[in-house]
Amino acid sequence: MKTVLFKNVLLNGAETDILIAGNRFGKIAPAISLPAGTPDAEIVDGKNLAVLPSFCNAHTHAAMTLLRGYADDMALFDWLFKNILPAEDTLTAEDIYRGSRLAALEMIRSGTTFFNDMYFMNGETARAARELGMRAEIAMTFVDAMEDERREKMFAQLAALPFGGNADGSGRVRFSVAAHAVYTVSEKLWRRCADVARERGLRLHVHLSETKKEVDDCVAAHGLSPVRWLDSLGVLGGNVVAAHGVWLDDEEIALLRERGVTLVHNPASNMKLASGIFRGKALSRAGCRVALGTDGAASNNNLDMREEMKLAALLAKVSGDPEAVPAGEVFGWATRGGFRAFGIDAGEIAEGKLADAVFVDLRNERLVPNHNLISNWVYAADARCVRHVLCDGNFLMRDGVVPGEEEIVEAARRAPFLRRKS
């Protein structure tokens, strides 16, 4: 079993040693010594470093890195139906793979070890996540417009998965079900997706109440808002991860809490597409499960969860309440809240937890002075502060270097989609 000992790392304001045994934090205490002859042991100098839980990106579309900057400064429905969907129709499996690797690299460099993805040709995204050593939950995504043969093939693949969707011997990469949105999925398909997810022990990943138009159109079509309509279909439950949730009233918030749905806040995307302001304080005070995500790089336009924390905290204060969603709370959304939503025993630096962590350089100018590390991490830092990133006890980035990063970037620059567009 691999053993790594970090010496003199700042944790909760005090220097300490952190022993990682295999893929978990084994012991956290001052002055830990390795027994003589400990096999495969490595000691790492942690002086001037602080350790933090890594990020869980609870909603994204990884391969959309190839659409970064492709269609900006427009309303969501024009952005999606007139620009993004036509471009996505031309993406090949090789495009998805290269774009997903680029996304994984970007996420690792900014401290993310897990991402929850909704896209198509999902095997290519899973392949990229495995190669770079990340955790991921990859959703097989359904819309009404897909061909019957393709839809049935995907349902057959879901039926063949082990219960819980773990198709990776390491347990790091799993599959789930995604019903895209109320405006792209019919009642019949919603019910089928929800039934399959429940029967196979899978999460159901959805877009929900992202824009006022979505809500108004759903009321016009079904006489109910998206939340109420999906609840009437029996869709909502503790396995549902719902992205956006911008347009929610108090009754819907109480219903989502009762059903155990996890809401994923995507502040950069919501602001860029002028979707509205997430009711973070109301959701939190109501006891709802909340996580944080970046959305895709076509509507963000990056995958930096640290930046997403800052935007979430600041956006909550626009209403005039400086105490709405403080730094510690939004930090919890980005770490503990996300990992708990996906049943992953991470998001904390504690003995027995999975060894997913970020080590930041306290000598970086953005972290000086260090009155409050969490405040600095949320409001001041950037990706340059990250020195090491660990997932499952393995270095994904060490001393600021991700193995193969130059080739990943160059391959993305030469992706077939980009060559066709040039």
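Analyst: Happy to! By class, the lining of the largest cavity comprises 7 nonpolar residues, 2 polar ones and no charged ones; here Ala, Val, Leu, Ile, Met, Phe, Trp, Tyr, Cys and Pro count as nonpolar, Asp, Glu, Lys and Arg as charged, and the others, Gly among them, as polar. Before going further, note that this is a predicted model, in which local features need pLDDT of at least 70 and side-chain atom pairs count only at pLDDT 80 or more, while totals for chains, interfaces and linings use all residues. Residues are numbered from 1 along each chain as its sequence is written, and side-chain values use heavy atoms, with hydrogens and water left out.

The lining consists of His265, Ile277, Phe278, Gly280, Ala312, Leu315, Ala316, Val325 and Trp333. The volume of the largest cavity is about 40 Å³, and the structure holds 1 cavity of 30 Å³ or more. On a 1 Å grid over the protein atoms alone, a cavity is a set of points where a 1.4 Å probe fits but cannot get out, whereas a pocket is an open set with protein on both sides within 12 Å along at least five of seven lines; lining residues have an atom within 4 Å of a point. Grid points are joined across faces, edges and corners, and a volume is the space filled by probe spheres set on the points.

Which element gives the most to the lining of the largest cavity? That is helix 11, with 3 residues. Helices (H or I, at least four residues) and strands (E, at least two) are DSSP runs, numbered from the N terminus.

Helix 11 (residues 305–317) leads us to helix 12 (residues 327–341): the two pack at an angle of about 140°, and their axes are 9 Å apart. Axes are lines fitted to C-alpha atoms, for helices over the stretch in contact, and angles run from 0 to 180 degrees between N-to-C directions. Helix 11 and helix 12 are therefore oblique to each other; angles under 35 degrees count as roughly parallel, over 145 as roughly antiparallel, 65 to 115 as roughly perpendicular and the rest as oblique. Helix 11 passes helix 12 in a right-handed crossing. A crossing is left-handed if the near helix is turned anticlockwise from the far one by less than a right angle, and right-handed if clockwise.

From helix 11, Met305, Met309, Ala312 and Ala313 meet Val330, Phe331 and Ala334 of helix 12, with contact meaning heavy atoms within 4.5 Å. This contact is made up of 7 nonpolar residues, with no polar and no charged ones.

At least two lining residues come from each of strand 1 (3–11), strand 5 (49–53), helix 12 and helix 13 (373–379). Strand 5 supplies the largest share of that lining, 3 residues. The lining of the second largest pocket divides into 9 nonpolar, 4 polar and 2 charged residues.

For context, here is the largest pocket. Its volume is about 810 Å³, and of the 33 residues lining it, Leu85, Glu88, Phe120, Val143 and His180 are the closest to its centre. Helix 1 (76–88) and strand 7 (112–119) are the elements that give two or more residues to this lining, and helix 1 gives the most, with 7 residues. The classes there are 17 nonpolar, 9 polar and 7 charged.

Asn300 and Asn301 are joined by a cis peptide bond with omega of about 20°, and Asn301 lies in the loop between strand 13 (289–292) and helix 11. Another cis peptide bond joins Val368 and Pro369, with omega of about -5°; Pro369 is in the loop between strand 14 (357–361) and helix 13. Most residues other than glycine have a negative phi, and most peptide bonds are trans.
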